[in-house]
Amino acid sequence: MTAARTGWLLVLPALLLLAALTVYPVAYGIWISFFSKHSFFPEQQFVGLGNYAAVLADEEFWRSLELGLIYSLTTIALQLAIGVAAALLLNEAFPGRGLARAVSIFPYVVPTVVAVIIWKWLLNSQFGLVNYLLGIPVSWMGRDWIMVSLIIVSVWQFFPFVLLAVLARLQSIPPELYEAATVDGAGAWRRFVHVTLPQLQSVLFVVVLLRSIWMFTKFDTPWLMIQGGGAETYIRTLPIYTYQRTFAYYEAGRGSAMAVIMFLMLVAAAALYFHFWRREEQL
Amino acid sequence: MKTIPSVAALLLAAVLSSAQAQKVIRVWHTETQPNSQEAVRNIAKRFEAKHPGVKVEVEALAWGDLEGKIMASLAAGTPPELSHGQPITCAALQSKGLLLPLDEVVQALGEANIWDQVKRVCRVGGKQYGLVHAAGTSLLIYRKDLAQKLGLKPPRTWADLVANAKAFTTGGMYGITIPGDNLFINILLGELLKANGGIFFDRQNRPQLSSRPMLETLEFIRDLTRYAPPGWEGHGYLETFTNLYGQKAAMMYQGYGRGAGLIEKGALPSMANAEHFDVWVKPVGPSGREPAAQVDEEPWMLFKGSKNPKEAVEFLKFFYQKDNYLEYVQTVPIHLFPITKSLRADRDYQATPMIQRWKSWIEVQEGYLNNDQGKPTLVIDWDDMNSKPYLMEVLGSGILRDMVMDVALENKSPREAASRAQRRLEDLLKSKGYLK
């Protein structure tokens with residue numbers, strides 16, 4: 001009994017910190033989603049589910065959701081493809097591999113604001129290096145290309161996360177498995193499909209889950225892309241629109257309702273993901 | 001042994017007394033150009049030297065950061081003593097009783113010595129709640145050398161301007177460059193609507209986006225942007241200047257006097273002058289009667305609830321004293337017009353070399369200001385400043401920008417785009433209780 005009490009006492013500071021820093025803000029966010037509340041002034045009025053009804057009836061919300069899905073699904077697919085390919089390459093022995101590994105994680109350690117500024121210079125429609133090399137005047141920050149630009153920057157920035165996770169797992173796959181497959185006559189492709197991929201399954205599960213959450217809620221990269229120019233309307237993803245509702249329309253209640261809906265969407269998507277993953281495992 | 005406690009007590013007393021004596025004035029401003037920042041810091045240092053025990057903490061903020069930072073500081077109950085702000089922000093904060101009047105500063109400057117136009121900003125019930133730090137207006141800048149070569153005349157109407165834009169568009173040169181970001185599209189729409197005799201809202205706060213002047217304005221923007229560089233909607237303000245002096249565009253509708261400095265730095269040395277980059281008076285819309293421009297004149301605001309408002313008032317009086325104010329406005333002379341008649345007429349000010357070099361730019365701005373043709377962003381009539389405290393939210397919402405983009409880029413008819421924006425604006429105003 002005393003030991004249990006001591007245990008609780010020891011855990012208590014951590015629990016209090018967690019409650020103060022995580023539970024309280026989330027609970028407060030949910031609470032104010034039921035109010036019509038100015039973002040900075042104490043004016044507020046209880047509106048029940050009014051904010052939720054207004055959000056669901058708002059065509060801009062659905063447009064932002066669509067843009068957010070295009071952005072997150074495309075970037076996740078590309079990050080996975082490039083990250084896995086780069087990990088397979090860097091798992092092979094070749095001269096300069098250490099340097100290549102170090103360089104490949106460079107985009108992930110560059111602060112987002114620096115990365116976006118660099119890319120905006122590179123993609124500048126009048127004087128950018130990319131257009132100079134292509135030899136054609138593409139308006140990378142205009143309506144037709146800004147989503148592509150955002151995807152390029154995001155994939156460049158975040159594929160090293162996939163690379164690191166997959167490379168770490170690749171290095172721990174027992175070489176005997178490959179030896180046995182080779183003895184059985186499996187070529188490189190069949191070794192990849194029947195040995196490597198199954199071994200990567202668990203790490204890819206986590207990577208896809210984390211990257212989905214992070215890309216769907218990504219704020220800084222798209223926000224920085226539209227600072228000082230950039231066709232904002234065409235990359236106004238859900239986090240951007242939520243921010244604007246809260247800090248440009250000054251509607252904290254409605255912004256919170258949007259954040260709660262975003263959270264519920266992520267929970268539902270994660271639950272489905274887990275469900276299918278378990279079913280897959282059972283098969 | 002007794003000396004240690006005595007010394008400690010003395011030190012404590014000294015620390016406490018210095019903490020009590022040190023009064024801090026926090027000043028937030030938006031003149032982020034390095035020489036302007038330095039001028040404000042110099043003025044602050046001189047003020048500190050004259051007022052021992054007072055410290056001035058100056059912070060230069062980018063426009064995008066300012067509104068949020070002001071609001072957050074007010075919500076936290078720790079506003080700065082002084083800050084710049086948009087005129088419509090000043091009006092919104094005054095309507096909520098968050099500002100203190102600056103009448104003492106006005107009296108110190110001499111009320112008759114301040115330009116009438118400037119006194120209309122954030123003035124409520126005869127009290128001055130915002131005092132403009134300096135004024136400038138938007139400008140239609142054009143390539144004078146090319147216009148002469150093509151035989152183009154100053155545009156009197158929007159149709160003339162579109163025709164000029166078409167004539168300028170040859171080879172790698174586009175007729176016009178316009179920033180596509182939210183703030184500048186709101187500024188553009190506001191001044192065009194003014195130049196076309198329209199209004200955004202009626203007296204009951206109902207948006208008037210489907211009115212004839214607005215539909216004509218949208219048609220004009222669609223026609224004009226046909227001669228803008230592809231992807232113009234992604235260009236920021238600085239990029240449009242790069243287009244102009246980089247010889248990619250021949251006209252710039254949303255230019256400012258500050259741009260003269262950019263041209264002197266960025267254009268070819270042989271072209272960096274008013275003989276190549278001059279300004280035209282902006283043309284009038286089909287339903288309008290006179291030109292209109294946006295006046296860029298952020299007021300200083302003094303916050304209720306700040307710790308040292310009296311000292312802040314003294315600082316502002318000091319800021320506007322001739323030598324200090326002259327140093328400040330000379331950092332961007334073609335953009336920061338003094339608000340006092342005395343300084344504008346002053347020989348030292350008039351002798352500023354840059355003012356000599358870009359005289360026509362000054363004259364056009366003076367014309368807008370003297371004829372009351374310049375108004376702050378989204379303000380059509382001075383009365384809007386006080387009767388429409390929601391303009392700040394309208395600007396931030398991006399609804400007007402979306403309407404313009406729907407017409408210019410999405411091939412929607414002006415009526416279709418306007419009715420969509422009308423619906424959104426009505427929702428916004430209803431949710432805030434301004435519209436029944």
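Predicted model: local features only at pLDDT ≥ 70, side-chain atom pairs only at ≥ 80, totals over all residues.
Along the principal axes, the C-alpha atoms of chain B fill a box of roughly 90 × 60 × 45 Å. Chain B is divided into domain 1 (3–134 + 297–357) and domain 2 (136–294 + 377–431), and 25 residues of chain A are in contact with 32 residues of chain B.

**Chain B: overall composition**

- The secondary structure of chain B comprises 22 helices and 13 strands.
- Buried residues account for 51% of the 436 residues in chain B.
- Among the contacts in chain B with a separation of 6 or more, 78% join residues 24 or more positions apart.

**Chain B: the two domains and their contact**

- The C-alpha centres of domain 1 and domain 2 of chain B are 31 Å apart.
- Domain 1 of chain B contributes 18 residues to the contact, and domain 2 of chain B contributes 18 residues.
- On the side of domain 1 of chain B that touches domain 2 of chain B, helices α4 (87–95) and α17 (353–357) of chain B each supply at least two residues.
- Helix α4(B) provides the largest share of that side of domain 1, namely six residues.
- By class, the side of domain 1 of chain B that touches domain 2 of chain B consists of 12 nonpolar, four polar and two charged residues.

**Nonpolar cores**

- The largest nonpolar core holds 127 residues, of which B:Ile141, B:Ile176, B:Met251, B:Leu302, B:Leu316, B:Met403 and B:Val404 touch the most other members.
- Helix α9 (residues 182–195) of chain B gives the largest share of this core, eight residues.
- This core lies between domain 1 (3–134 + 297–357) and domain 2 (136–294 + 377–431) of chain B, because both domains give residues to it.
- A second, separate core has 26 residues, including A:Phe61, A:Val116, A:Ile240 and A:Ala259.
- Not counting residues up to four places away in sequence, B:Met403 touches B:Leu209, B:Ala417, B:Ala418 and B:Ala421.

- Strand β12 (residues 299–303) of chain B is mostly covered, with five of its five residues buried.
- In a regular strand, side chains alternate between the two faces of the sheet.
- Both faces of β12(B) are covered: B:Pro299, B:Met301 and B:Phe303 are buried on one side, and B:Trp300 and B:Leu302 are buried on the other.
- B:Leu302 is also one of the residues that touch the most other members of the largest nonpolar core.
- Strand β3 (residues 82–84) of chain B runs antiparallel to β12(B) and is joined to it by three bridges; in this pairing B:Leu82 stands opposite B:Leu302.
- Strand β4 (residues 99–100) of chain B pairs with β12(B) in the antiparallel sense over two bridges, and B:Leu99 stands opposite B:Phe303.
- Strand β7 (residues 130–132) of chain B likewise pairs with β12(B) in the antiparallel sense, over three bridges, and B:Gly130 stands opposite B:Met301.

**Chain A**

- Chain A has 13 helices and two strands.
- The C-alpha atoms of chain A fill a box of roughly 75 × 75 × 35 Å, taken along the principal axes.
- Of the 283 residues of chain A, 32% count as buried.
- Residues 24 or more positions apart make up 69% of the contacts in chain A with a separation of 6 or more.
- A:Ala54 lies in helix α2 (residues 50–56) of chain A.
- A:Ala54 counts as partly exposed because it has 19 C-beta neighbours inside 10 Å, whereas a buried residue requires 20 or more.

**Interface between chains A and B**

- The contact between the chains involves 25 residues of chain A and 32 residues of chain B.
- The side of chain A that touches chain B divides into 10 nonpolar, 12 polar and three charged residues.

Conventions:
Residues numbered from 1 in each chain as written. Chains lettered and ligands numbered in written order. Contact = placed C-beta atoms within 7 Å. Nonpolar A, V, L, I, M, F, W, Y, C, P; charged D, E, K, R; others polar. Core = buried A, V, L, I, M, F, W, Y, C linked by C-beta atoms within 7 Å. Buried ≥ 20, exposed ≤ 12 C-beta atoms within 10 Å, placed from the backbone. Helix = DSSP H or I, 4+ residues; strand = E, 2+ residues; numbered from the N terminus. Domains from an automatic or database assignment. Pairing = 2+ DSSP bridges.
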